[in-house]
Every structure is written in C-alpha cells, then in structure tokens.
Amino acid sequence: MNNRFLLYVAFSLVLFMIWQQWKIEQNPIANNTIENTQENTQENTSAQDLPDEGYSSQNRSLENNQEQRKSKNKNQALNRKDEHVFISNADLKITIGTIGGTIKRSELLNYFETTEENSKNINLFDYENDYYVAQSGLLHDKDSTNTKINKLAPNHHDVYTVKSKNNNSVELEWVNKKGNIKVLKKIFLEETGYKINIENTIINNSNKAWSGRQYRQIRRQSSGEGRSWITPTFTGGAYYDGTYNKISYDDIAETKPKFNVIGGWVAMMEHYFVSSWFFSKNENNLFYTKEIIVDDVRKDYLIGARSEALLIQPNENAKLASTLYVGPKLQIELENIADGLELTIDYGVLTLIAKPLFWLLDKIHSIVGNWGWSIILLTMLIKLAFYKLSETSYKSMAKMKKFSPKIQTIRERYGSDRQKMNQAMMDMYRKEKINPLGGCWPILVQIPVFIALYWVLLESVELRQADFIFWLTDLSAKDPYFVLPLIMGASMFFQQKLNPAPPDPMQAKVMQMLPIIFTAFFAFFPSGLVLYWVVNNLLSIAQQWKITKSITST
C-alpha cells in the first residue's frame, strides 16, 4: 500500500507540475514575417496604438474629422525618416528612434542566445523580428479652439531632432509648428543596470496654459506563448495594483481593462526576462490594455499607463519623468526597484516557500561560486531538515517489507472474504505496531517544499546557461547526453527495491514501468532540475537502505 501510494504521489507530482503551467498557455498566433518598414507598420496602426486623451466629453466633437485627417497624416508620415540613436552602459545597449523616441531595441550585453562562443546577445526589444518595443509620449488636453493643425504635444508618432548625445544619454527636441511649445525628451542610462530613465521637459512659450499628460506603454507582437511543452512558462502582460496580476493576450483581446492605480507597474514578461514601466508610490495612472489588428494574420498587444493631467502656465515649464526596466528577472534587483516587481519571477501559489529557498540557494552560491554545487548543497540541507520525517516514513515501509510474507499469507488464507482479511490485517498491524499510513504523511508534508524548489530552479534566470561540470554547460537546458535522466531512472528503480512489493502482480508490473516513464519525462527537463532529483533520490536511498537494514536484521 505504501509503495503504491508513494509512486502514485510521485507520478502525480510530475503531472501536476506540467499541468500547472500548461493551463496558462494560449494558442499561438502564427508569426507574420515583417517585410515592410516598421515606420509603415506604425502608421498602419497609429489610430489604434494611442491611449485615450482623457479630455472632457463635451469636446469630443473635435474628433468628427479624425478619419478625414488620418489619410493625409499617414501620407505625410510615410515621408518621415526615423533615424536611430544608440546609447549604452556596461549591461545594456538600446536603439532609440527619432520618431517618438521609441525604444526599438534593447541588447543585453551579458546575456546570450546560446552558449556558443560567438553567440549573439539577447535582444529583448526588437523592432525587426517579433515586434516588441517601448513607446511613450504626451497627450494634450484639447480645448474647443485646438485643431491638429497646431499640435500641442508630441506622441510616439511625431518626429524629434537630436539636440545632444553622449555614450549613455541622448536629448531629443520637438517643437510645434507655431514654435510656442517645445518638448525636450532626455533618455539616459545609469553606469550599470537595466533601467532606462526618460524625462520630458515641456516648455510653454504660448500665451495660454498648457494642460496635458504623459503615457508609457509596451507593445508586443504575439508569436506564441510558453517555452516548451514540457516546461511551459507564461508569456504575456502583467500589472501590479497592490496585488500581482497576469493578463494573457486573449484576456487583452476580450476585455481590454482600464482602471486607475496609485503606484504599481505594468509589464510584458516571458521566461527569464521582463520589461516594465514602474511608477512612484504617489503617482496616479490609468492602466490600460489594447489589441492592435495589424493585418489578417498579425496581432499586437499593448499594456500601458496614462498619467493625470499636468497644468503649465504661460512662459513656464515642467518636467514629467518615467523609468523603464528591461532585462533579466533578477530577484534581488527587482525587489529594490518596485514593490511586487519580483513577483514576475512566477513561483505560483508556493511563492512564500519558494522565495526563502531561492534566498538560501543564492547565499550558498555566493560561497561556492557554482550553481550546480549550490543545488546539491541546498538539496542536502532540505534533506537534513526533513530527516526525522523521512526516517518515520522509511521505518514504516521497512516494517511493511519485513512482514510482507505474513501479509501475503493472510491474503491467501482469506481469499475473497475481504472483511475477514481486513480484520486479520488490522490485528497483525496492532500486534507488530505497524502504522500502514506511517509512510504516507511525512512524504505529504514535504511535497510543497519539493514543488516550490522545482519552480525556483525552473524560473531563476541565474541558472540560465550556468556551467556545472564536464558536459553540463547549461543548467537551464536538458542534459545533451541524457546521463542525469538515466541516473535518475536507475536511482528510482533501486529505491523501489527497498520498498515493499505490491501484492498484485499487475500492480507490480506497472510499478516496474514507472522508472522508465519518469526517465522519459526527465530527459527533456532542465538539467538543473534533474540534478536536484538525482541528489534527492541518492540521499533517500542511502537513508532508506540504512533504516531498512537495521529493521529487517532484528
């Protein structure tokens, strides 16, 4: 009974881990190769990718001529040239377009696509392949005399000129046609890190008060979600309004939520990496999402935030600041940037257990300097913490194995009379002081910790392309030679031999197949995860063998 129960639990555990993230996967939308320039793509969707201005409903009559102006504006826009400006620091290089000051590419200088020597850097933002950019701009709160002829605020479709530039900063300038409204857009990086700072200075040289607001958004082409079928992870939007919320592309398409939030952040996330606009704790923003239909095949998705209105009197100026994070999901760094941003490292419902486990893993790594040995040492510490519980379980199974001949005799004696057989079994359990469930409950207590550690090892970007020993050059990838999965399967087989055999021959054959099934599963798991299971199994075998030997020899 104990043997069957434990193996069923283990099998269910693997299925649960696969199903838990499989359910959040969305149907991938087919990729559409971008053959036209990105300027054309932007103009084709310019009416869709701007947030609502937020001005009074009595002035919406001004929009009646919008469709008539759209074709003219589009033809004018196609003649614009989007020049590229590059700035960088020790960790990040970004490409900025002079149309809108859009962040069009972000090259992570310390993260690579593969472990090959000449591998390219990861481009998180990328305007040429799967379209993924950060856009920002200003919206003027229109009055009854304003028209598009004399625009009073630049959005991300308007042209800036480069005013000044150095290695890690650039200042762009926009001036309206009358020359009485000027916007200086400064984009700069710190010496290290993945934060992009943006400051909009609005200079009002007109004879009227200027009222407007800024918006910041992330636009991404949907090209499917999840990393692989065996270890799928969430790709899509997320936001923080005091609680962490994921929002899939389907949810964006169906509901298009809008709501006001004080503080918080909005983000697009994927396995290991995240881009996020985050806001000060006293800043009030309207969070919004949008689906953009580019053509018959391609759809893009937006998540963004629009600020409250700012009033600037004539001949005065004011500054609006924003910060964007675009980089790896480094837990400690994200915790220091904004409340709840570290939750994009998605440990699921067991976050309260997973975060301390990662903290301990990180501390061990700071000492030994190798993530593989850190996993081994952490597994040993967890095994030590549960030593007494495991001991109780293994003692119960050892007793069951010792008296399995008596149990088999009782089954044969009473045959199909289950009532008498169960009574005889209970009498024997009382006489020999055996708890038939004694091996179950200690294992159940440990399962949440094992699942939490599974997600720590799966989600931690620190393990991405982390070298261990010999052929294991990437703990986030499968074992290329399947050595660890084979060792894991063999360890599971030997552990079965220490457990009491099922009395039913058919059940025994099923149990014998489980190591083969598990080996097939784990062949595609990241090698860091398999390493954890191998070490845990070997420690369990050693402990169980010692306990079984001491009990069966008495």
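A residue is called buried when its relative accessible area is under 20%, exposed when that area is over 50%, and partly exposed in between, computed with a 1.4 Å probe on protein chains only. The legends below describe a predicted model, in which local features need pLDDT of at least 70, side-chain atom pairs count only at pLDDT 80 or more, and totals for chains, interfaces and linings use all residues. Residues are numbered from 1 along each chain as its sequence is written, and side-chain values use heavy atoms, with hydrogens and water left out.

**View 1. Trp174 in strand β7.**
Trp174 belongs to strand β7 (residues 169-175); strands (E, at least two residues) and helices (H or I, at least four residues) are DSSP runs, numbered from the N terminus. Because its relative accessibility is 7%, Trp174 counts as buried. Contact means heavy atoms within 4.5 Å. Not counting residues up to four places away in sequence, Trp174 touches Lys151, Leu152, Ala153, Pro154, Asp158, Val159, Tyr160, Ile181, Lys182 and Val183. Leu184 stands 10 residues from Trp174 along the chain, and the C-alpha atoms of the two are separated by 6.5 Å.

**View 2. The open sheet that contains β7.**
Two strands pair if DSSP finds at least two bridges between them. Nine strands form an open sheet in the order β6-β7-β8-β9-β19-β15-β14-β11-β12, with antiparallel pairing. Its edge strands, β6 (161-166) and β12 (244-247), each pair on one side only. On average, neighbouring strands of this sheet are turned by 20° against each other, direction ignored; the axes are lines fitted to C-alpha atoms, for helices over the stretch in contact, and angles run from 0 to 180 degrees between N-to-C directions. Thr161 has Glu173 in β7 as its bridge partner.

**View 3. Strands β2, β3 and β4.**
Strand β2 (residues 92-97) and strand β3 (residues 103-112) run antiparallel, joined by five bridges. Five residues lie between the strands of this hairpin, in which Gly100 takes a positive phi near 80°. Strand β3 also pairs with strand β4 (residues 121-126), in the antiparallel sense, over four bridges. Arg105 of β3 is the bridge partner of Thr95, and Arg105 also stands opposite Asp126 in β4.

**View 4. The covered strand β10.**
Strand β10 (residues 210-221) has 12 of its 12 residues buried. On one side these are Trp210, Gly212, Gln214, Arg216, Ile218 and Arg220, and on the other Ser211, Arg213, Tyr215, Gln217, Arg219 and Gln221, so that both faces are covered. Strand β5 (residues 132-140) pairs with β10 in the antiparallel sense over nine bridges, and Val133 has Arg219 as its bridge partner in β10. Strand β17 (residues 299-307) and β10 pair in the antiparallel sense over seven bridges; here the partner of Arg216 is Ala305. Strand β18 (residues 310-312) is joined to β10 by three bridges, and the two run antiparallel. In β18, Ile312 is the bridge partner of Trp210.

**View 5. Helix α6 and its two sides.**
The expected span of a helix is 1.5 Å times one less than its number of residues. Helix α6 (residues 351-368) has 18 residues and reaches 25 Å from its first C-alpha to its last, close to the expected 26 Å. Its buried residues are Thr351, Ala354, Leu357, Phe358, Leu361, Asp362 and Ile364. They lie on the same side of α6 because they cover an arc of only 165° around the axis, the arc being that of the directions from the helix axis to the C-beta atoms. Leu352, Trp359, Ser366 and Ile367 are exposed on the other side of α6. Gly369, which follows α6, has a positive phi near 75°.

**View 6. Ser460 in the loop between α11 and α12.**
Ser460 lies in the loop between α11 (441-459) and α12. With a relative accessible area of 1%, Ser460 is buried. A polar atom of the Ser460 side chain lies 2.5 Å from the backbone oxygen of Val456. Leaving aside neighbours within four places in sequence, Ser460 is in contact with Tyr272, Tyr347 and Phe358.

Note on methods:
Polar contact = N/O pair within 3.5 Å; in protein donor to acceptor, adjacent residues only side chain to side chain.
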